[in-house]
Amino acid sequence: MAAVQTTGERTLNKLAIVSVLIVTMIFLAPIYWIVSTSFKPRNLATTVPPTIVFTPEVSPFVKLMLKRSQLREQPTPEEYAAAPWWERLVFDGGEKVVRDGKGEVQLSGYPSRFLNSLIVAIISTVLAVSMGTFTAYGFSRFKVKGEDDWLFFILSTRMLPPVVVAIPMFLMYRTFGLNDTHIGLIILYTAFNLSFSVWLMKGFIDEIPKEYEEAALVDGYTRMEAFFKIVLPEAATGIAATAVFCFITAWNEYVFALIMTRRDAQTAPPFIPSQVGSGLPDWTVIAAGTFLFLLPVAIFTFLLRRHLLRGMSFGAIRK
Amino acid sequence: MTEIVLRGIQKWFGPVQVIKDLNLTIAPNEFIVMLGQSGCGKTTTLRAIAGLETIDEGDILIDGKPVQHLKCSDRDIAMVFQSFSLYPHMTVFENIAFPLRATRMGKADVDKAVREIARVLRITDLLDRRPSALSGGDMQRVAIGRALVRQPKAMLMDEPIGALDAKLREEMRAEIKRLHLKQGSTTIYVTHDQVEAMSLADRIVIMHEGVLQQVGSPEEVYSRPQNLFVAQFVGSPVMNVSPAAVRDDGGAVSVAVDATVPGFPFPRELLGHLNGHASGGALAMGIRPEGVLVSREARDGYVPVEVHLIEPLGSYDIVDLKVGEAMLRARTSAGFVPAAGERVHARIDPAQAHFFDTASGQSLGVRL
């Protein structure tokens, strides 16, 4: 690296920063759109030109969580005054909160879908990453007969778009009663991610010098202990990177979730657009659902960002 | 107090045999250095003793007990790797404590043992650091500390200072020697550096292409090499070896390295020692550079030669002498021969000459 920058270099640097800023803004625009829409009053959501300045409100989030129906008659002032703040927000939108026979508030379909997404994505990620790590370790450290063929076979499972097998999978799942079950989706997503996880983890584990484990073996540990005490901590970066990718894939998956689930195990991605079609679409509620759906991935990626960065450049430099 | 016996060890890597019928007994507390070029099987032997490599035939006995079927964790042997192999995610303290943790030793005892070994190795102030923050020499000390801490039956070292720079190597060499004298555990040390071997070893084991060539004290392998390989592998600068013809013209016996020049005079008893090999023509003479004596004036028994090249090495010079078509390297005091191209006179010290059968490569054991 040059110790002293020339004027030309400085200008170039500034230009680079400006262009990066522009590109970042282009990428962030849709996210801004969703976030801002999720805080808009309903009547401002679809204005042309778009409303930029508005008083943010939380009513889209309240509506997202609650089961609602159209108001046939306006609530009496007493009813309105007695209602809690969130129910008033629903009244203001010309709707009322649906209650069951005992007067308990009914939740909308969103919270359970969101929970399903979390269950399916987390469990399938843990399974894919752990199985992938073990498999990769085996391929990396031991002589496996036909190693290249096996690895190619594992990779080949990703060579055709998953949609191609959607119908056969659906029929198989119907036969085994796995349709609309958590376990069904978990198996499916684990299988999707496994090949990716094996290949990525193999790259990481190959980079960990064998001597570390040999040292641990000589130090009096079994191979399994050496794996858990030495290889796993060393592979933490790779595991984090792999986990982020697997989680995002499982979290975002739409097609199989749409085909394989209806209600009990339905995840958020097929649910959110299904709300567009029923009655007049309330874009603010859809935006609120999308915004909340973005959060787990964003948080997960943010927490692991250091590992992710290191993971991306891993193996690029010979130590 | 551990004795290690290798008995008839054979090892193949696919079709390649890397260890060929190796037999060796290592006495308790002995410092053995295995010396050889890369690929000679020395590291494989070491890894086989550690249990990191299986053997195809033979027995490895530690204190009389065969261990070739035991896992490395059950052999109670410590090893220092060339790459140090310090666990990067642990501090120095944790690295040294790691082997003790495998033994389910109490926390206080672990702490005591680690601090004691750190004191011996003078790394107490480094205990909280990570390996990445250490210098090469300190990494090496930590690696040795990790190996020594649980007082293993034997220490194996695989080129432990090969990755250090020359000055540090010298320092660490002395340190390893000091530690061995102090701790006195059976040690097997693998290296391709003969200076390390000579300075550290009680006995040197020289290997070539999977075959043990010679076992002996540094002095023995240097002054009584059993074959041409050992003769040319041990010693720096390398021993001169050239085809030799013994001439016997009645009174005087001489050995010529080139047919066109007069031979170097040798005592008559050489003929008896050579025992008929003199006439076969399959004879090679080896002489270390310090056995080639150089004089600037013509003297009795000296042969005129031409100086081809001078390598000044500070405390001494290595001078390449042209004897007819053959070359002899001599060691002279610094600046003894002023310039290449000069004509000087050389003689061979018969007491330092070695004779080999060129067909078998074996030494004829001539001592004059």
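1. Is Lys167(B) buried or exposed? Lys167(B) counts as exposed, because its relative accessibility is 62%. The cut-offs are these: buried means under 20% relative accessible area, exposed means over 50%, and partly exposed lies in between, with a 1.4 Å probe and protein chains only.

2. A word on the basis. This is a predicted model, in which local features need pLDDT of at least 70 and side-chain atom pairs count only at pLDDT 80 or more, while totals for chains, interfaces and linings use all residues. Residues are numbered from 1 along each chain as its sequence is written, chains are lettered from A and ligands numbered from 1 in the order in which they are written, and side-chain values use heavy atoms, leaving out hydrogens and water.

3. Back to Lys167(B). The side chain of Lys167(B) meets that of Glu171(B) in a salt bridge, at 3.7 Å from N to O. A salt bridge here is a side-chain nitrogen of Lys or Arg within 4 Å of a carboxyl oxygen of Asp or Glu. Both residues sit in helix 5 of chain B (residues 166-183), four residues apart, which is about one turn of the helix. Helices (H or I, at least four residues) and strands (E, at least two) are DSSP runs, numbered from the N terminus. Glu171(B) is partly exposed, because its relative accessible area is 39%. Salt bridges with shared partners also join Asp138(B), Arg141(B), Glu175(B) and Arg178(B) into one network.

4. Now chain B as a whole. Chain B has ten helices and 21 strands. Of its 368 residues, 53% are buried. Its C-alpha atoms fill a box of roughly 80 × 45 × 35 Å along the principal axes.

5. Over all chains, the whole structure holds 24 salt bridges. One of them pairs Arg68(A) with Glu95(A), at 3.0 Å from N to O. This pair links distant parts of the chain: Arg68(A) is in strand 1 (residues 68-70) of chain A and Glu95(A) in strand 2 (residues 95-97) of chain A, 27 residues apart. Arg68(A) is partly exposed at 26% relative accessibility. Glu95(A) is buried at 8%.

6. Another salt bridge runs between Glu214(A) and Arg47(B), with the closest N and O atoms 2.7 Å apart. Glu214(A) lies in helix 9 (residues 210-218) of chain A and Arg47(B) in helix 1 (residues 42-50) of chain B, so the pair joins two chains. Glu214(A) is buried, at 7% relative accessibility. Arg47(B) is buried too, with a relative accessible area of 15%.

7. Look next at helix packing in chain A. Helix 1 (residues 7-38) and helix 14 (residues 283-303) of chain A pack at about 120°, with axes 7 Å apart. Helix 1 and helix 14 of chain A are therefore oblique to each other. Angles under 35 degrees count as roughly parallel, over 145 as roughly antiparallel, 65 to 115 as roughly perpendicular, and the rest as oblique. Axes are lines fitted to C-alpha atoms, for helices over the stretch in contact, and angles run from 0 to 180 degrees between N-to-C directions.

8. Finally, two places in chain A. Val126(A) is in helix 5 (residues 110-141) of chain A. Val126(A) counts as exposed, at 52% relative accessibility. Asp100(A) lies in the loop between strand 2 and helix 5 of chain A. Asp100(A) is partly exposed, at 32% relative accessibility. The C-alpha atoms of Asp100(A) and Pro41(A) are 28 Å apart, with the two residues 59 residues apart along the chain.
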